[in-house]
Amino acid sequence: MSRTVYVNGEYFPEEDAKISVFDRGFLFADGVYEVCSVTGGKLIDNQAHLERLQRSLDELKMDAPCTLEEMGAIQTEMLKRNELTEGLLYLQVTRGAAERDFNFPPEAKPSLVMFTQAKKVTENPVAEKGLSVITLPDLRWHRRDIKTVQLLYPSMCKEEAKAKGADDAWLVEDGQITEGTSNNAWIVLENGTLVTRQLSNDILHGITRRAVMRFARERQIKVEERPFTVEEAQGAKEAFVTSASAFVMPVVSIDGKPVGSGAVGETVKGLRKIYLEEAGKL
């Protein structure tokens with residue numbers, strides 16, 4: 001049975017879903033998106049994702065296709081129609097279809113697309129063995145705080161990591177790690193302090209990042225928001241990434257060098273456990 005896909009006010013079988021070839025998301029990557037995890041048939045931290053979507057739209061001076069409340073209702077209907085209990089829900093807003101022109105078309109009507117992906121997100125075997133990452137130059141544009149659909153460079157980095165036998169890449173600018181290809185980067189110091197880069201235009205303002213930070217501080221775990229170098233990361237006690245689809249995922253090697261013992265550490269195990277326990281309350 002095919003999935004049900006939402007496109008601009010209607011629900012279609014996925015094979016019948018269509019978008020205009022003149023859509024600016026297709027022609028210019030003029031669009032933004034959000035991915036929200038689903039566990040137990042519920043969207044995790046969805047309000048925060050919708051609020052970030054609104055921020056991305058505002059930064060690009062792009063109209064919303066509907067209110068956030070209406071968007072949430074469509075998401076709920078999508079879960080129901082696809083009988084999704086665990087997996088991901090993807091939504092994308094573009095500026096809409098218009099004659100190709102670099103200037104923003106004032107007459108364009110925003111497009112809204114949603115689809116689901118059934119997959120296990122809580123019992124992920126990678127959490128048991130950890131990720132290996134390589135470092136690559138961060139050559140993306142400098143508005144990484146806007147969650148746009150222009151993901152070609154992160155895709156290229158993931159491919160290079162795969163070709164080198166690694167799982168993912170951490171991106172480096174001016175000698176310091178910005179973030180992963182699709183996640184926020186963290187290290188754990190010997191004294192247990194968590195370190196992750198501060199919010200700015202240089203990184204995505206991660207929803208899972210924010211939640212983990214809150215959970216840590218509620219448990220009197222110190223968090224520092226600052227840049228860190230590749231060398232500091234390699235010498236850290238532990239390292240990990242956070243994202244909406246991976247939650248808290250350990251990193252056990254960077255550029256072939258083990259982080260700490262080279263095995264998944266207790267701090268990251270604990271943070272992942274806390275996140276999964278708290279996820280249903282978000």
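Helix 2 (residues 46–59) lies across strand 3 (31–39), strand 4 and strand 5 (87–94), and runs at about 175 degrees to strand 3. Helices (H or I, at least four residues) and strands (E, at least two) are DSSP runs numbered from the N terminus. Axes are lines fitted to C-alpha atoms, for helices over the stretch in contact, with angles from 0 to 180 degrees between N-to-C directions; contact means heavy atoms within 4.5 Å. The model is predicted, with local features requiring pLDDT of at least 70 and side-chain atom pairs counted only at pLDDT 80 or more, while totals for chains, interfaces and linings use all residues. Residues are numbered from 1 along each chain as its sequence is written, and side-chain values use heavy atoms, leaving out hydrogens and water.

An open sheet is formed by six strands in the order 2-1-6-5-3-4, with antiparallel pairing (two strands pair if DSSP finds at least two bridges between them). Its edge strands, each pairing on one side only, are strand 2 (10–13) and strand 4 (42–43). Strand 1 (residues 4–7) is joined to strand 2 by four bridges, and the two run antiparallel. Within this pairing, Thr4 stands opposite Pro13 in strand 2. Helix 3 (residues 68–82) also packs on the sheet, touching strand 1, strand 2, strand 3, strand 4, strand 5 and strand 6 (111–118). The direction of helix 3 makes about 35 degrees with that of strand 6.

Eight aromatic pairs are present in the structure. Rings of Phe, Tyr and Trp (its six-membered ring) pair if their centres lie within 6.5 Å; planes under 30 degrees apart count as stacked, over 60 as edge-to-face and the rest as tilted. Phe28 and Phe102 form an edge-to-face pair, because their ring centres are 5.2 Å apart and their planes are at 70 degrees. Phe28 belongs to helix 1 (residues 24–28) and Phe102 to the loop between strand 5 and strand 6, so the pair ties together parts 74 residues apart in sequence. Phe28 is partly exposed at 22% relative accessible area, and Phe102 is exposed at 62% (buried means under 20%, exposed over 50%, partly exposed in between, with a 1.4 Å probe and protein chains only).

Trp170 and Phe228 make an edge-to-face pair, 6.3 Å centre to centre with 65 degrees between the planes. Trp170 is buried at 1% relative accessibility, and Phe228 is buried with a relative accessible area of 1%. Ring pairs also link Tyr33, Tyr90 and Phe115 into a cluster.
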